[in-house]
Amino acid sequence: MCVTIDGDTVVDLWGGTADPTTGTEWKQDTIGHVWSCTKGATALCAHVLASRGELDVNAPVVKYWPEFGAKGKEGVLVRHLLTHTAGLPALRAPLPGGALYDAAAMAGRLAAEEPFWEPGTRQGYHALTFGFLVGEVVRRVSGRGLGTFFRDEVAGPLGLDFWIGLPEEFERRVAPTIPAPPPSPGASLPTFYQRAFTDPASIQALVIGNTGGYMLTPGETDSRAAHAAEIGAVGGITNGRGLAGLYRPLAVGGGLVSPDQLAMMGSVAAATQVDAALLVPTRWTLGFMKGTDNRHLPGPDSEGVLLSEDAFGHSGMGGSLGFADPVPRLSFGYSMNLQGPGLGVNERGQSLVNAVYRTLGYQQAHGGLWYL
């Protein structure tokens, strides 16, 4: 866990077991898989280009990626990719083994895919496709692959130990992921997983099952091939310090982006009561999550993320989280190797967020979000 205020690190904590098979302790430089927290890093790359005037988020994607216009997608805007409204949460045709490790091939498949709904009319979390879609736009505009652009323009200048495509020399520092324990007898699963495991033709089943073995093959996401690949939706490797560092400049006024761009990054651009993929309420800016209180929902669907209304960031499967809150000039990062079972930030991470906000003098509204 790492917290910065006014750009200064005020909390930097680590502990626990990095690898239960060897008993290796979590060290200061241990890093791990932060899953969908990667989407925040990928979105920031797009916003860096937009801030420079090289990318228009309101332009059609085909302006930068002509092949993308197939199957009725000529009107899809860049903002639709960033807000999970493009209608491409999965691919229909079975993917070969290791498909997610070839970003160019995945971009080609998505360019040829027919949308699952009319783009711009519904919101549905693009769990694994987001990075290939936004990443390809970054590549077309900048001439550099997503991982290279992120290293050169974000992680390098900020001094972050954060990688989209991990060099082999750092592999020894990675803590393997420990999957969430199975639910106890009689316990329910999130509706997303219920649908995925009972309806093979559903979006949810395709998101989980049609990944070339990435999601369902035990140990695959911890393989060297997975860590080396540029998977801009879920493949990032870092720790709480890296996540807090990513959001540090955004918490204090921009740094990598202009004030106008920063305002767009923190403003709600899409929201729904029933996300077409996750099947729970979600709220989004252009590429980032906003605080969402789902505690009124039954069982494991009740997990969301409780932040202030000014905050924006991204969580990762199992409970990792990074965000910026420009009002208290706060950035926050939390990572772990033992995953929780829900879709949002579970009690471990949320309790840390709550402690930070209480320390800053915030109160929690009846609706769950924090306010001054």
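Modeller: With a relative accessible area of 53%, Lys71 is exposed (over 50%; under 20% is buried and in between is partly exposed, with a 1.4 Å probe and protein chains only). The model is predicted, so local features need pLDDT of at least 70 and side-chain atom pairs count only at pLDDT 80 or more, while totals for chains, interfaces and linings use all residues. Residues are numbered from 1 along each chain as its sequence is written, and side-chain values use heavy atoms, leaving out hydrogens and water.

Lys71 belongs to the loop between H1 and H2 (helices, H or I, have at least four residues and strands, E, at least two; both are DSSP runs numbered from the N terminus). Its phi is near 55°, a positive value in a residue other than glycine. Most residues other than glycine have a negative phi. Trp35 also has a positive phi, near 50°. This residue lies in the loop between strand E5 (31–33) and H1. Trp35 counts as buried because its relative accessible area is 6%.

H1 itself covers residues 37–51. Its axis comes within 10 Å of the axis of helix H5 (residues 146–158), and the two cross at roughly 70° (axes are lines fitted to C-alpha atoms, for helices over the stretch in contact; angles run from 0 to 180 degrees between N-to-C directions). H1 and H5 are therefore roughly perpendicular to each other (65 to 115 degrees; under 35 is roughly parallel, over 145 roughly antiparallel, the rest oblique). Their crossing is left-handed (the near helix is turned anticlockwise from the far one by less than a right angle; clockwise is right-handed). On the H1 side, Ala41, Thr42, Leu44, Cys45, Val48 and Leu49 meet Leu146, Phe149, Phe150 and Val154 of H5 (contact means heavy atoms within 4.5 Å). By class, this contact of H1 with H5 has 9 nonpolar, 1 polar and no charged residues (Ala, Val, Leu, Ile, Met, Phe, Trp, Tyr, Cys and Pro are nonpolar, Asp, Glu, Lys and Arg charged, the others, Gly among them, polar).

H1 also packs against helix H9 (residues 240–251): the axes come within 11 Å and cross at roughly 40°. The crossing of H1 and H9 is left-handed. Cys37, Gly40, Ala41 and Leu44 of H1 meet Leu243, Leu246, Tyr247 and Leu250 of H9. The contact of H1 with H9 has 7 nonpolar, 1 polar and no charged residues.

Now the residues from elsewhere. His80 is part of helix H2 (residues 78–82). At 15% relative accessibility, His80 counts as buried. Apart from neighbours within four places in sequence, His80 is in contact with Gly75, Thr85, Ala86 and Gly120.

Asn346 lies in the loop between strand E12 (330–334) and helix H11 (347–359). Asn346 is buried, at 8% relative accessibility. Its side chain reaches the backbone oxygen of Gly318 at 2.8 Å (a polar contact is a pair of N or O atoms within 3.5 Å; within protein, one must be able to donate a hydrogen and the other to accept it, and residues adjacent in sequence count only if both atoms are side-chain atoms). Not counting residues up to four places away in sequence, Asn346 touches Glu303, Gly318, Gly319 and Gly340.

Glu303 is in the loop between strand E9 (282–284) and strand E10 (312–316). The side chain of Glu303 reaches the backbone nitrogen of Gly344 at 3.2 Å.
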